[in-house]
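Here's a friendly tour for anyone meeting this one for the first time. Have a look at the picture, then read on.

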Amino acid sequence: MGIVTAVRLLVGTKKGAFIATSDERRRQWSLKGPFFGGWEVYHIKGSPTDPSRIYASQSTGWFGQIVQRSDNGGESFYTVDNQFAYEDPVGSHLFYDGTERGFEFKRVWHFEPDLSDPDLVYAGAEDAAIFKSIDGGKSWGELSGLRQHATGQTWQPGAGGLCLHTIVMDPRSNGRIFGAISAAGVFRSDDWGSSWRPINRGLLSDGIPDPDAETGHCVHKIAMDPNRPDTLFMQKHWDVMRSDDAGENWYEISGDLPSDFGFVIGVHPHQSDTVYVIPISSDYEHFPPDGRLRVYRSTSGGGQWEPLTKGLPQSNCYVNVLRDAMDIDDLDPSGVYFGTTSGDIYASADSGDSWEPIFSSLPAIYSVEAQRI
Amino acid sequence: MSIRVILPQHLRNLAKVPKEVVLNVGQPVTMSSLLDTLEEQYPVLKGTIRDSSTSLRRPYVRFFALEADLSNQDFGDPLPDLVVTGEEPLIILGAMAGG
């Protein structure tokens, strides 16, 4: 009898978290939840090295931030420290109207557990800052070199707030960490988060006074090729971008996409030049072009894209897919998963060739993370 | 003094307590000392009623008692006698807003 491999999907929604599980065929799914019902769960993610360790960001505008941790794969959760104190000098950033606002913690958008130590976890916060815990969330300290970068006082929020929403770790244990901020851009540390510098050369954003400014770009999501860690892909507010030198230079790979606006981007774990995006019409029409929900896949590292439509609604579909709401598992063939703002989860067990809606009518989905267990 | 406190559903679920909890608060009983005791007894509630960094009431949290809104009362002011004697509860709730 072979080893049973299973996949777990960790789903954050507007009204709680859900956990879906399946065997390796990924055809039959079961669902548990809601966990933390009624609270917003911006992100829930497990440790790559210990899938039983899970961190969840639970918040509401009324009662603030709670951090939940599980040590048993989501069978049960308990709260850990929820104090995210900004280091002095706290300083200020620019608000939408150009006035200065002091940096102030609002919520955690993203948890990124370390690649090898389940007790080491990073948190991306609004207002934009990165925090680190070395004790499994029992305490948090800011990596203030990012927020205190000389450009920090010029950062302005995107429509969703001034948030650090993406954290990517270099798997080579070289101290390299990437962070992406809306609407400041991408920053990189080469010393485990002590110091940071913007890496936005090549980005062009018409929505800011100087389109190729050092910062100010509304980067929606970045993803790393795990087999070539210097290769990064980006879904910017507009434009799909690529870098082959760890973010030093970016170039556009939007190519023949029907729209290069969107939120998610993902890289196939085994096929280096295979990239996925979900085009959205525009920044004021947050739904797919022509009401057709299409995942686009490039097998050439960008530029040329094929629509993946089998099993996805091809008419009257007006949902959005938010930045953390797509993930790819590392089975062979890989499974691809995404959740929509109308509460549907779609899954493909064949790297995107065909899709099935595995759950529907959940609360609006903020994040989907796939774990192999 | 034994103070009765009614918590909103979200915080009841978080602290795993019934709707009403009873706190033994030393004299003088103020909003500050009551919240200190509440957070000491239920540490999971730290930061949910008062902001952790400023110690101020979170903007969408309200305090009611005796059909009065005590939300903007100074945290150091004494609470009403009927709350201090336990005859009436202090109600903590989330402001009506949103869906």
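## Where the two chains meet

A salt bridge here is a side-chain nitrogen of Lys or Arg within 4 Å of a carboxyl oxygen of Asp or Glu. By that rule, the count between chain A and chain B is zero salt bridges. Keep in mind that this is a predicted model.

So what does the contact look like? It takes 14 residues from chain A and 16 residues from chain B. About 1300 Å² is buried between chain A and chain B, and carbon and sulfur atoms give 58% of that. On the chain A side, three residues stand out: Trp39(A), Trp62(A) and Phe63(A) supply 52% of the area that chain A buries against chain B, more than any other three residues.

## A closer look at chain A's side

There are some polar links across the contact: four residue pairs are in polar contact between chain A and chain B, both residues being at pLDDT 80 or more. Strand 5 (54-60) and strand 6 (64-70) of chain A each bring at least two residues to the side of chain A that touches chain B. Strand 6 of chain A gives the largest share of that side, three residues. Sort the residues on this side of chain A by type and you get four nonpolar, nine polar and one charged.

## Salt bridges over all chains

Side chains of opposite charge can pair when their charged atoms come close. How many salt bridges are there over all chains? The count comes to 32.

Take Arg107(A), which forms a salt bridge with Glu126(A), their closest N and O atoms being 3.3 Å apart. Arg107(A) sits in strand 10 (residues 107-113) of chain A and Glu126(A) in strand 11 (residues 121-126) of chain A, so the pair ties together parts that are 19 residues apart in sequence. Are these two buried or exposed? Arg107(A) is buried, and Glu126(A) is buried too.

## Two links between distant parts

Next up is Arg228(A), in a salt bridge with Asp273(A), where the closest N and O atoms are 2.9 Å apart. This pair links distant parts of the chain, 45 residues apart: Arg228(A) is in strand 19 (residues 228-236) of chain A, while Asp273(A) is in the loop between strand 22 (265-267) and strand 23 (275-277) of chain A. Arg228(A) is partly exposed, with a relative accessible area of 32%, and Asp273(A) is partly exposed as well, at 27%.

Then there's Asp330(A), which forms a salt bridge with Arg372(A), the closest N and O atoms being 3.5 Å apart. Here too, distant parts of the chain are linked, 42 residues apart: Asp330(A) is in the loop between strand 26 (326-328) and strand 27 (336-339) of chain A, and Arg372(A) is in strand 30 (residues 365-372) of chain A. Asp330(A) counts as partly exposed at 36% relative accessibility, and Arg372(A) is partly exposed with a relative accessible area of 43%.

Through salt bridges that share partners, Asp170(A), Arg172(A), Arg176(A), Arg188(A), Asp190(A), Arg197(A), Asp230(A) and Glu248(A) form one network.

## Strand pairing in chain B

Strand 1 (residues 2-6) of chain B runs parallel to strand 5 of chain B, and two bridges join them. Val5(B) stands opposite Leu90(B) in strand 5 of chain B.

Strand 3 (residues 61-65) of chain B also pairs with strand 5 of chain B, this time in the antiparallel sense over four bridges. Phe64(B) stands opposite Ile91(B) in strand 5 of chain B.

Notes
Residues numbered from 1 in each chain as written. Chains lettered and ligands numbered in written order. Predicted model: local features only at pLDDT ≥ 70, side-chain atom pairs only at ≥ 80, totals over all residues. Heavy atoms only, no water. Buried < 20%, exposed > 50% of the residue type's maximum accessible area, 1.4 Å probe, protein only. Contact = heavy atoms within 4.5 Å. Buried area = accessible area lost by both parts, 1.4 Å probe. Polar contact = N/O pair within 3.5 Å; in protein donor to acceptor, adjacent residues only side chain to side chain. Nonpolar A, V, L, I, M, F, W, Y, C, P; charged D, E, K, R; others polar. Pairing = 2+ DSSP bridges.
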